[in-house]
Amino acid sequence: MKRTAPITVIVPAYNEAATLRETLESLKGQTVVPAEIIVVDDCSTDGTGEVGRALGVTVVRPPANTGSKAGAQTFALPRVRTPLVMAIDADTTVAPDAVERLLAAFEDREVAAACGFVIPRRVRSLWERGRYIEYLFAFTFYKQVQDYYGKPLISSGCFSMYRTEVLRRLGGWSNRTLAEDMDLTWSLYRAGHRVRFVPEAVCYPLEPRTFDFLARQLRRWSHGFVQNVMLHWREVLEIPFLRSAVAVAFWDALIASMVYLFLLPLLAVLFRAPWLLLGYVIDIPAISVPVLMGAAGRGEIPRALVSLPAFFVLRTVNGAFFLRAAWAELLAKRPLRIYQKGH
Amino acid sequence: MSVGLPGTGVGGLFYLLSALAMPVRELVRAVRGGSCAGSRQVAARQGAIAAGVAGGIWVTGWLIGLMVGHSPVAREAVYGVRDLAAGSSSVLKVASLVIAFATLVLVVGGVEVAAWCKGFKRRRRAREAAGAAPRGGWRVGLAVRGPERPAA
């Protein structure tokens with residue numbers, strides 16, 4: 001008999017009938033069973049609600065589409081009766097022990113949120129491969145360093161657990177920015193809470209397969225990052241390590257993007273030296289170390305080696321989206337407000 | 001979601017140095033009795049990754065040096081004149097390192113200074129709110145204060 005854990009899982013879903021079943025089955029197959037699973041059917045038209053009901057979970061439907069993942073999750077928050085609440089995307093599955101691993105982080109009373117290791121479930125297209133390497137690198141190296149210093153930059157929105165009472169006090173997930181997970185994480189720090197990264201708790205989202213889907217996701221993430229920096233910079237300044245991590249992330253996103261998109265091609269043309277374009281992949285030996293160490297732990301070295309070149313393409317594309325977002329939000333004062341799907 | 005462009009620029013250097021500092025920090029904590037097996041393990045693993053990354057950066061520098069040293073086109077592109085080729089690879093490596101560290105110091109140092117200024121302002125406001133005599137700098141202080149009174 002499996003132990004029931006005092007957790008309610010909220011699954012926001014808008015037209016997710018194709019992927020929801022796998023998500024719910026992975027939740028039901030956990031080593032500890034959540035007390036309740038609530039699917040927020042955000043006025044879908046593809047039978048998402050029926051998929052949830054067929055699997056015996058609670059399905060709630062707001063009177064009108066909430067317009068964002070944050071809105072859908074917050075809609076379900078008043079129904080939560082457990083001390084812990086978990087949010088998971090409707091296209092994300094979790095390892096069988098993932099909930100139990102995250103749960104362990106809450107033995108520390110100061111911890112208000114915990115997130116896990118993210119690995120794309122499907123690694124086939126160029127963009128999925130790029131994201132696979134990006135996650136292997138970031139979650140094997142950067143995020144673990146952030147956690148050691150007590151300040152993970154984001155408790156990932158696709159799979160995180162929170163203390164219900166703290167979340168309610170903050171008003172749930174806010175849609176004042178397009179990156180509600182970053183907003184919530186930084187708000188938790190500001191309120192004096194701790195956030196943990198638990199690398200043993202693994203989740204598997206579906207990442208963008210096509211450029212169209214990727215573009216929507218990168219647009220939202222880039223604008224979300226800039227919006228959060230604009231919203232929180234005063235408070236972030238008072239939080240050691242986080243302020244440095246945010247500053248270097250912002251600096252790199254701005255300066256490295258300009259180097260990739262303008263400086264390198266310009267120098268290559270000016271000096272008539274195409275070899276300068278090697279600058280795009282100059283850090284391949286340094287990138288490879290954490291990636292291969294992360295992949296070795298998962299028995300996926302061949303997959304990582306094959307996917308490695310895609311990372312450098314994705315990184316350059318990412319740079320273009322970030323520059324555009326920085327321009328629109330900071331200089332042109334044209335903030336992006338419309339939430340577009342993509343976890 | 002993920003943030004920024006992982007692996008590039010000062011961010012990479014920031015995490016590299018932070019990870020290299022972890023085993024040292026853990027050692028200090030162990031001496032003070034504040035270390036646990038879990039954090040020691042994390043520090044050792046991240047320290048090892050950081051050492052590997054540092055090795056990777058060295059390999060990159062070595063490759064650049066090799067390329068610049070053996071390719072006349074590359075030499076010319078970097079230095080403009082062929083005569084400066086001797087020792088060019090080490091100049092390039094040192095210059096890259098100095099620029100990278102200087103930028104990191106500028107970015108992180110700038111944020112730390114901004115944080116200190118903000119904290120200073122907040123502390124001053126708190127003192128003023130608590131009814132302490134406002135301080136407008138030592139010159140003003142000298143002007144309004146009289147000589148110290150002898151204790152009663």
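Predicted model: local features only at pLDDT ≥ 70, side-chain atom pairs only at ≥ 80, totals over all residues.
1. On conventions, residues are numbered from 1 along each chain as its sequence is written, and chains are lettered from A and ligands numbered from 1 in the order in which they are written. Local features need pLDDT of at least 70 and side-chain atom pairs count only at pLDDT 80 or more, whereas totals for chains, interfaces and linings use all residues.

2. Chain B has 5 helices and 0 strands, in the order α-α-α-α-α from the N terminus. Helices (H or I, at least four residues) and strands (E, at least two) are DSSP runs, numbered from the N terminus. Of the 152 residues in chain B, 23% are buried; a residue is buried if 20 or more other C-beta atoms lie within 10 Å of its own, exposed if 12 or fewer, and partly exposed in between, with C-beta atoms placed from the backbone. Among contacts in chain B with a separation of 6 or more, 50% link residues 24 or more positions apart.

3. In chain A, 8 strands form an open sheet of mixed pairing, in the order β3-β2-β1-β4-β7-β6-β8-β5; two strands pair if DSSP finds at least two bridges between them. The edges are β3 (58-60) and β5 (92-94) of chain A, each with a single partner strand, so one side of each has no neighbour in the sheet. From one strand to the next the twist averages 30°.

4. Strands β4 (residues 84-88) and β7 (residues 159-163) of chain A are antiparallel over 5 bridges, and Met86(A) has Met161(A) as its bridge partner in β7(A). The antiparallel pair β5(A) and β8(A) is joined by 3 bridges, with Cys203(A) in β8(A) the bridge partner of Val94(A). By contrast, β6(A) and β8(A) pair in the parallel sense over 7 bridges, and Val111(A) has Arg194(A) as its bridge partner in β8(A).

5. Two helices lie across strands of chain A. Helix α1 (residues 17-28) of chain A lies across β1 (3-13), β2 (32-41), β4 and β5 of chain A, at about 20° to β5(A). Helix α5 (residues 126-148) of chain A lies across β6 (111-118) and β8 (194-205) of chain A, at about 165° to β8(A). Axes are lines fitted to C-alpha atoms, for helices over the stretch in contact, and angles run from 0 to 180 degrees between N-to-C directions.

6. Helix α3 (residues 69-76) of chain A is mostly covered, with 8 of its 8 residues buried; Lys69(A) and Phe75(A) are among them. The cover includes β1, β2, β3, β4 and α7 (180-190) of chain A.

Definitions and conventions:
Contact = placed C-beta atoms within 7 Å.
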